[in-house]
Amino acid sequence: MSDEHTIEITDEALASILAIRQQEPGDDELGLFIEVTGIRGTQFAYELSFVPVVDADPHDRVERYGDLPILIRTSDVEKLAGAHLHVSEDPSAPGLTMNNPNTPHSPRIDAEVGELTGPLAEQVQQVLASQVNPAIAGHGGAAELVGVEEGTAFLRWMGGCQGCGMAQVTLKQGIEQILLGAIPELVAVVDVTDHASGENPYYQSAKK
C-alpha cells in the first residue's frame, strides 16, 4: 500500500464511507474502489464500490486513508490526481461528491492545413474530410456539414459523437479552431446535432 494520496477525502466523507462499509457482509478487509467509467457532460464519470483488498489487481494502486484502503486503477491515477471527495451540501442531491480539477481531453486535431479552393462550403468539406474526421474516427464519430449560411458553418455529429458530452468540447477546442483558422471567410461554427430526444442544443463560436 502507498502512503501517498491521489485524492483528498474529508473526515465527514471518510466517516460516511466507513459506516457504509460496516454494513457489507463477509470477513475480508474491504477497500473502496474508485473508477473513472467515462464522461458526463464535460467532466469524468465515476463508480465507487467496495471490493476485497486481497482481490485487488496487481496493477491497481492501493492507498490507505486511516482505516480505509482506496483502490485506483493505474490508468486512472492521473485523471484523479488532486480530486476532492466530500459529502454534498446540497439537500436535493445527498451523498458523496467528487470535485476534480482534471477534465477529459478532446480528440487531438492538429493536422496541417492544405491549400483550399472552391466555394465556402467546399472548403469546409475539404477541411472536415482531410483533418477533422480522420482525427475523430478513432472515437467512433464524424462531423457532417449540414450547410453554410452567411459565413456560418452548420455541423452535425454522427456515430459515437452524437449525444457525447465531449462533443461541445471537441468543437470548441479542436474543430472550430481549425475551420476558423483555415478559412478566413468563415465567421462561426454551429452544432445542430439532436443530441437527445426532444432536444436540439446549439453551440456557437464566433470568430473574435
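Q: What does partly exposed mean here, before we get to Arg-61?
A: Partly exposed is the range between buried, under 20% relative accessible area, and exposed, over 50%. Arg-61 has a relative accessible area of 24%, so Arg-61 is partly exposed. Keep in mind that this is a predicted model.

Q: OK. How many salt bridges does the structure hold?
A: The structure holds five salt bridges.

Q: Which residue does Glu-4 meet in a salt bridge?
A: Glu-4 meets Arg-61, side chain to side chain, with 3.6 Å from N to O. Glu-4 sits in the segment before strand 1 and Arg-61 in strand 4, so the bridge ties together parts 57 residues apart in sequence.

Q: And Glu-4, buried or exposed?
A: Exposed: the relative accessible area of Glu-4 is 56%.

Q: What about Glu-35, which residue is its salt-bridge partner?
A: That is Arg-73, at 3.4 Å from N to O. This pair also links distant parts of the chain, 38 residues apart. Glu-35 belongs to strand 2 (residues 30-40), while Arg-73 lies in the loop between strand 5 and helix 2.

Q: How accessible is Arg-73?
A: Arg-73 has 31% relative accessibility and counts as partly exposed.

Q: Moving to helix 2. How far apart in the helix are Lys-79 and Asp-76?
A: They are three residues apart in helix 2, which means a separation of about one helical turn. Lys-79 and Asp-76 form a salt bridge, with 3.8 Å between the closest N and O atoms.

Q: Is each of those two buried or partly exposed?
A: Asp-76 counts as buried, because its relative accessibility is 3% and the cut-off for buried is under 20%. Lys-79 is partly exposed, with a relative accessible area of 31%.

Q: Which residues do salt bridges with shared partners join into one network?
A: Glu-4, Arg-61 and Glu-63 are joined that way.

Q: Different topic. Where is Glu-29 found?
A: Glu-29 is in the loop between helix 1 (11-21) and strand 2. Its relative accessible area is 37%, so Glu-29 is partly exposed.

Q: What does the side chain of Glu-29 contact?
A: The Glu-29 side chain makes a polar contact with the side chain of Arg-64, at 2.9 Å.

Q: And how far is Glu-29 from Val-54, by C-alpha atoms?
A: Their C-alpha atoms are separated by 7.8 Å, and the two residues are 25 residues apart along the chain.

Note on methods. Residues numbered from 1 in each chain as written. Predicted model: local features only at pLDDT ≥ 70, side-chain atom pairs only at ≥ 80, totals over all residues. Heavy atoms only, no water. Salt bridge = Lys/Arg side-chain N within 4 Å of Asp/Glu carboxyl O. Helix = DSSP H or I, 4+ residues; strand = E, 2+ residues; numbered from the N terminus. Buried < 20%, exposed > 50% of the residue type's maximum accessible area, 1.4 Å probe, protein only. Polar contact = N/O pair within 3.5 Å; in protein donor to acceptor, adjacent residues only side chain to side chain.
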